Amino acid sequence: MRVSLEDWISKAKSSKDLDEKISYYSKAIELSKRDYNLYFYRGSIYLDKSEYEHAIIDLTKAIELKPDFAVAYNNRGNAYAQIDDHDRAIDDYTKAIELEPNKAISYCNRGKSYLKKGNYDPAIADFTKAIEIDPGYIKVYKERAVVYEKIGDIAKAKEDLEKAEKLSK
């Protein structure tokens, strides 16, 4: 019995095992090599498994097939950030922001990469923009507090931590 593309996708989505999911998406890709979503899903699973090089390969393929795929740029940025390639991560987050400027997560992620590089001003700017977009995004207040602490602005760091605490209740 021949298994259809839809069957492989259904198996991948219903499986709880990440290795099985990868296997099923790989079978689906064999049947539909031009479906950017399949590469995106498999790449995202590799990201979840901390297999960053594989994630980058699949997410790059998804982007090649769909160059305006903002979430794929964001996820590939996450993979680059995990291997400490913050320049490439920043490039990908920037592209994600260009494509979807109202997504707080891309600003937050880019801010974290700027922070890791010691570029505090753009980190603060990105965290601030993320807060403007989503004032309830608790994690961003904590990230910005870290930057404020690093630059010696303890009052602002404390203010952000208090805001995060207040939002978490």
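Predicted model: local features only at pLDDT ≥ 70, side-chain atom pairs only at ≥ 80, totals over all residues.
How many nonpolar, polar and charged residues are in the lining of the largest pocket?

1. Lining by class. The lining of the largest pocket has two nonpolar, five polar and three charged residues. The residues concerned are N78, A81, Q82, D84, H86, Y93, N109, K112, S113 and K116. The volume of the largest pocket is about 190 Å³.

2. Origin of the lining. Three helices, α5 (70–82), α6 (86–99) and α7 (104–117), each contribute at least two residues to the lining of the largest pocket. The largest share, four residues, is supplied by α7.

3. Overall fold. The protein chain contains 10 helices and zero strands. In sequence order, the pattern of the protein chain is accordingly written α-α-α-α-α-α-α-α-α-α. The C-alpha trace extends over about 65 × 35 × 25 Å along its principal axes.

4. Packing of α2 and α3. Helix α2 (residues 18–31) packs with α3 at an angle of about 160°, and the two axes are 9 Å apart. Because angles over 145 degrees count as roughly antiparallel, α2 and α3 are therefore roughly antiparallel to each other. Their crossing is left-handed.

5. Residues between α2 and α3. On the α2 side, the contact comprises L18, K21, I22, Y25, S26, A28 and I29. These meet L38, Y39, Y41, R42, I45, Y46 and D48 of α3. By class, the contact of α2 with α3 has 10 nonpolar, one polar and three charged residues.

6. Packing of α3 and α4. The axes of helix α3 (residues 36–48) and helix α4 (residues 52–65) come within 8 Å and cross at roughly 160°. That angle makes α3 roughly antiparallel to α4. The crossing of α3 and α4 is left-handed.

7. Residues between α3 and α4. From α3, the residues in contact are Y36, Y39, F40, R42, G43, S44, Y46 and L47. Their counterparts in α4 are Y52, H54, A55, D58, L59, K61, A62 and L65. The residues of this contact divide into 10 nonpolar, three polar and three charged.

8. Residues of α3 in both contacts. Among the α3 residues that meet α2 are Y39, R42 and Y46. Y39, R42 and Y46 are also among the α3 residues that meet α4.

Key:
Residues numbered from 1 in each chain as written. Heavy atoms only, no water. 1 Å grid on protein atoms, 1.4 Å probe; cavity = no way out; pocket = protein on both sides within 12 Å on 5 of 7 lines; lining within 4 Å. Points joined across faces, edges and corners; volume = space filled by probe spheres on them. Nonpolar A, V, L, I, M, F, W, Y, C, P; charged D, E, K, R; others polar. Axes fitted to C-alpha atoms, helices over the stretch in contact; angles between N-to-C directions. Parallel < 35°, antiparallel > 145°, perpendicular 65-115°, else oblique. Left-handed = near helix turned anticlockwise from the far one by under 90°. Contact = heavy atoms within 4.5 Å.
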